[in-house]
Number of protein chains: 2
Amino acid sequence: MQRGKASIGFEDPPLIISYASIAGKKEGEGPLGACIDIIEQNDMFGMDNWEQAESAMQKQAADLALEKGGIRRREIRYLFAGDLLGQLIATSFGTVDLEIPMFGLYGACSTMGEALALAAMTVHAGYADRTLAVASSHFATAEKQFRFPLSYGNQRPQSATWTVTGCGAAVVGKADGKIGNMKETLRIIGVTPGRIVDMGAQDSMNMGAAMAPAAVHTIRQNFEDFGVDETYYDRIITGDLGEVGRKLLLDMMKQGGSDLTNIHMDCGIEIYDSEKQDTHAGGSGCGCSAVTLCAYILPKLRSGEWKRVLFLPTGALLSTVSFNEGRSIPGIAHGVMIESGAMA
Amino acid sequence: MQRGKASIGFEDPPLIISYASIAGKKEGEGPLGACIDIIEQNDMFGMDNWEQAESAMQKQAADLALEKGGIRRREIRYLFAGDLLGQLIATSFGTVDLEIPMFGLYGACSTMGEALALAAMTVHAGYADRTLAVASSHFATAEKQFRFPLSYGNQRPQSATWTVTGCGAAVVGKADGKIGNMKETLRIIGVTPGRIVDMGAQDSMNMGAAMAPAAVHTIRQNFEDFGVDETYYDRIITGDLGEVGRKLLLDMMKQGGSDLTNIHMDCGIEIYDSEKQDTHAGGSGCGCSAVTLCAYILPKLRSGEWKRVLFLPTGALLSTVSFNEGRSIPGIAHGVMIESGAMA
């Protein structure tokens, strides 16, 4: 099972049994709008404040993922979940009613990768038959936490990204026949947990540049550990590098002899039409890769259009405290290998 | 391996191979001072600010745990670590130099339980031969994050706890002969991951009351899942309930028919002499249970004085944002069953 220096390969791959996505108005107006399960026109989601709104998304996405899979809450043995906020309050208040034993995760925008990796590891080891992986972000909670009051109308450089208001939830479980009416199964065949990479980036309005080196490190580690190269995948999909980070990633990979130009995709670039929607470098936030996974990537795999992808959510590990103290912005990226195939 | 509703029992228990603790001056003057590996007289730990000081503790504790076990950094396959700060900056900056693939965890003061549980699950499944679990807190970073500027000299009610400046690190690995010169092995025989329990507590100066119901829930779940009662353990050790939370815990358990009076211990009560040190209800913070584990609990098990304990770090899931929005303080507690015994 241990593969190479840092990866795990699953001989009897856990499945992604069902999944759901929810997002806000802006995401609904973007290129993936038609694929997202629930689009809420009011970014307060009927709640009193933004944090509660983000919690409401977590609950709705989790419940919908269960509903789509015909699974009851009590069948889920463990929950792996997180968000961007200090002390994970979106998650704590959003998942308390699920009453599921819970592992709180923080990996910045790489959280969905961390959650899927731990969920798959847990299922494959026989510790649980059904687990749930959830990650969310909300534009307004993130701006409040990391940047400026919204009413201040702060100008944003072109390298800045726009935090996605959205949540993705996926049920990861063992293959036991009860997997709904899926034509193709979605298997997690391996994971490459990332390490923290700090190249000294210091511009919090250019997180793509801060995260790209971590993504490169995890991709190279994945190739090395599994003895594969870019031709093994239909797509290598980073979380929220945006336009600036994508260029860096492609350049760095090319220097190492890998041309990812045609197979690289970035959730942050896909989720918005940056010209029409004024989102500059693209989308970001835990919800960016989580929503794109559940609304776009998994359906593409399920339909058989793609056979195998490396899903690689990317995270920028900073807080306003560390940033204001002049620290750099380290990055991290967790790789999850997802494959589609007919039921065995 | 799945035990009952929420627990995992390990047939071939992973071992705690080595461990180390580091703490500040105040902790050094407390009852456990003589047991802590490194006591630093200056709470800045030679750094420019408190956050960097906390990061320095993480690095020192991790390196010392490795050194004590005769283990090199590159032998550690995965790191499970966290702290109390927003976006886990103490951990990100403290562990980046270890260059170990990393799972960032947030469970408030329950983090050491979450880290040990995931580390043991990972080792037992064969995903790694050696992992490292780390958790830290720092009085000054926590006060800055959650309460008032230190120079403000804020008054504290008797129910308040004092955040421990300290870090504990433990190497969890498989039993393969290379376990240093330990007389008795320390085995993680099972885990009971906790769920979030929200009883509506709203007093952030009385976190013990907020966390006690979660501790009760996890203890009961552990008893039920393993078919045991309090007589199974030499000690049931909560993280940082303090004096107020301890009373609540004992009362609630007694109502359910379990008298824990003589076997319950709380790390927050042990780590300070509350009368002499003016720490009111006791210690708290991720570092409270992590330091007490590595400085006091594991040595007691290793010496054979205790045979089996339920280590149960407790966490209060709040942020200043949720608190100021009038939200309650949910709690969580993760249970880790640790047993000592002669080498097989």
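Reader: What covers the buried residues of H5(A)?
Author: The cover includes helix H2 (50-69), helix H3 (89-95), strand S7 (130-137), strand S8 (162-163) and helix H11 (320-324) of chain A. Contact here is when two residues have C-beta atoms, placed from the backbone, within 7 Å. Helices (H or I, at least four residues) and strands (E, at least two) are DSSP runs, numbered from the N terminus. This is a predicted model, where local features need pLDDT of at least 70, side-chain atom pairs count only at pLDDT 80 or more, and totals for chains, interfaces and linings use all residues. Residues are numbered from 1 along each chain as its sequence is written, while chains are lettered from A and ligands numbered from 1 in the order in which they are written.

Reader: Ok, and which residues of helix H5 (residues 139-146) of chain A are buried?
Author: A:Phe139, A:Thr141, A:Ala142, A:Gln145 and A:Phe146 are. Buried means 20 or more other C-beta atoms within 10 Å of the residue's own, exposed means 12 or fewer, and partly exposed is in between, with C-beta atoms placed from the backbone.

Reader: Switching to strands. How many residues of strand S5 (residues 78-82) of chain A are buried?
Author: Five of its five. A:Tyr78, A:Phe80 and A:Gly82 sit on one side of S5(A), with A:Leu79 and A:Ala81 on the other, and both faces are covered.

Reader: Which strands is S5(A) joined to?
Author: S5(A) runs parallel to S7(A), with five bridges joining them, and A:Phe80 has A:Ala133 as its bridge partner in S7(A). Three bridges link S5(A) to strand S6 (residues 102-104) of chain A, also in parallel. There, A:Ala81 is partnered with A:Gly104. Pairing takes at least two DSSP bridges between two strands.

Reader: What domains is chain A divided into?
Author: Domain 1 (14-173) and domain 2 (184-342), with bounds from an automatic or database domain assignment. Their centres, taken over C-alpha atoms, are separated by 18 Å. In chain A, 51 residues of domain 1 are in contact with 55 residues of domain 2.

Reader: Which element gives the most to the domain 1 side of that?
Author: H4(A), with eight residues. By class, that side of domain 1 of chain A has 29 nonpolar, 16 polar and six charged residues. The classes: Ala, Val, Leu, Ile, Met, Phe, Trp, Tyr, Cys and Pro are nonpolar, Asp, Glu, Lys and Arg are charged, and the others, Gly among them, are polar.

Reader: Last one: is B:Gly194 buried or exposed?
Author: Buried, with 31 other C-beta atoms within 10 Å. B:Gly194 is in the loop between strand S10 (184-192) and helix H6 (207-226) of chain B. Beyond its neighbours within four places in sequence, its contacts include A:Pro101, B:Ser110 and B:His217.
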